[in-house]
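Biologist: Hi! Could you walk me through this model in plain words?
Modeller: Happy to, let's look at it together.

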Amino acid sequence: MMTTRIPILHAILSHLQHSPTAFHVPGHKMGRGLPSDLGAWLGAAGRLDLTEIPGLDDLHAPEGAIREAQELAAAAFGAEETFFLINGSTAGNLAMVMTVCQPDDTILVPRNLHKSVIHGLVLAQARPVFYSPDVHAEFGIAGRVTPEEIERAVREHPQAKAVLITSPTYHGITSDLQAIADIAHRAGMLLLVDEAHGAHFAFHEELPRTAMAAGADMAVQSTHKLLGALTQASMLHVQGPRVDRVRLRKRLQLVQSTSPSYLLMASLDAARWQMETEGQALLEKAIRAVSDGAERLKQTAGLHLLPADDPLKWTIGVTELGLTGTDAYRILQEEHKMTLELSDPYNVLAVLTYADGPRQVDRLVTALSKLAPQGERLTVPPYTAPPVGRAVIPLHAAFDLPSVTVPLREAAGKVAAEMVIPYPPGIPLVLPGEELTADMIEYIEQLRRSGVRFSGAEDAAINTLQVIRQHAVT
């Protein structure tokens, strides 16, 4: 049942109506002491940055406004229980893995997982077994995971505690979660979904089915990515009898701040309210505009649009123009004053949301249609699947072993002590404990030549790598 209440925001405003004098944290004292330049931009929002005081509830033991807001969110997003995350979807992924896995437990995960899942595996001291998504070779990206691939992984590793899947992917591709949930549950496993890019799915019938509707046990959504919450504000949705809720709450306390931001929590509450009251109309406007724009884009020579399940994600292949995605991204930013979500050697990715309409879509399509080769035409190598390293040391153990720095070219034959992550989208290419081969080094150098940025490694330029000291691969 739809409600007009925004409990956390209303609780904050009720507190402010009494014009209290603050002798509590935060130090800026309800905006009064904010640095002038920042205060000028934040304005009245500075007064909303409060802490756990009477009437405002406590995220880690909610009984009032926060509890009500989470219950309203659960109803809106189709969950039995919802937890607000103020440390981003990272906190949700950490908590999911740590709830399900004890040390040395096995969990089935995709190779195109986010680095936060890797961190969860390290903290839980769990053993990942990787399965493989399909590949869109033309665009050089991971696609959906088939039920057959999950069936194979479950059959070969019946001891696994859970299947974790990324759906939708960064590029808006979803998997058949209902079929995968059935496979996992028949095997006595939980289904955990990194649904970071699917927070909007529940609010329009033309969008893919949500993980909760498909039968997942837990799903994490980045409410800030596709809805109206502030950056870093996310939700964890839970349902069914398979999740140990007490253990989950304890894990959430381990990975969430004891000083949660009321601005972030209020934004989660308000984002839910906005979608409940006008989400259908806002998404309808965006979907219609995006549909019209996509038809125009498909008629533009040299550009290819990935047929994604989420119509609001545009992955545009530009290689026929003789451009890399990195080139196209730079041109759009420098010449057309627009910043897209990401680029890779083959594509640029534009994220459209309920906040976009015909004007924004027209501007994007017009700019894309003006892309042309700059100077000498470039030859982009055809896509090849990235080489996958052989794990020779357990992931969690490799994180703590002594390491040394070696030049990239000298890393072949050694064992990685750090992650190498082309970013975005944040999918690890190399994991600690994996053997570094000559093919992997060549692949990294190819990405570097294409202008790809990296994270996870000590040397962001990847001129050097950290490897395990005194460990030779045999």
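**A chat about the model**

Modeller: Let's start with Ile 393, which is found in the loop between helix H13 (358-369) and H14. Helices here are DSSP runs of H or I with at least four residues, strands are E runs of at least two, and both are numbered from the N terminus. This is a predicted model, where local features need pLDDT of at least 70, side-chain atom pairs count only at pLDDT 80 or more, and totals for chains, interfaces and linings use all residues. Residues are numbered from 1 along each chain as its sequence is written, and side-chain values use heavy atoms, with hydrogens and water left out.

Biologist: Thanks! Is Ile 393 buried or exposed?
Modeller: Ile 393 is buried, because its relative accessible area is 9%. Buried means under 20% relative accessible area, exposed means over 50%, and partly exposed is in between (1.4 Å probe, protein chains only).

Biologist: New topic: which domains does the chain have?
Modeller: The assignment gives domain 1 (7-276), domain 2 (280-370) and domain 3 (395-468). Those bounds come from an automatic or database domain assignment.

Biologist: How many residues of domain 1 are in contact with domain 2?
Modeller: 27 residues of domain 1 are in contact with 28 residues of domain 2, where contact means heavy atoms within 4.5 Å. The C-alpha centres of these two domains lie 27 Å apart.

Biologist: How much area do domain 1 and domain 2 bury between them?
Modeller: About 2200 Å², with 57% of it on carbon and sulfur atoms. On the domain 1 side, Phe 139, Tyr 170 and His 171 lose the most area to domain 2, together 29% of what that side buries. Buried area is the accessible area (1.4 Å probe) that two parts lose on being put together, summed over both.

Biologist: Now helix H11. What does it span?
Modeller: H11 (residues 262-298) spans only 44 Å between its end C-alpha atoms, while a straight helix of 37 residues would span 54 Å at 1.5 Å a residue. That expected span is 1.5 Å times one less than the number of residues.

Biologist: Where is the kink in H11 centred?
Modeller: On Glu 278, and the kink is about 80°. The bend at a residue is the angle between axes fitted to the seven residues ending there and the seven starting there.

Biologist: Which residue does a cis peptide bond join to Ser 167?
Modeller: Pro 168, with omega about 5°. Pro 168 lies in the loop between S6 and helix H7 (177-186). The peptide bond from Val 25 to Pro 26 is cis too, with omega near 5°.
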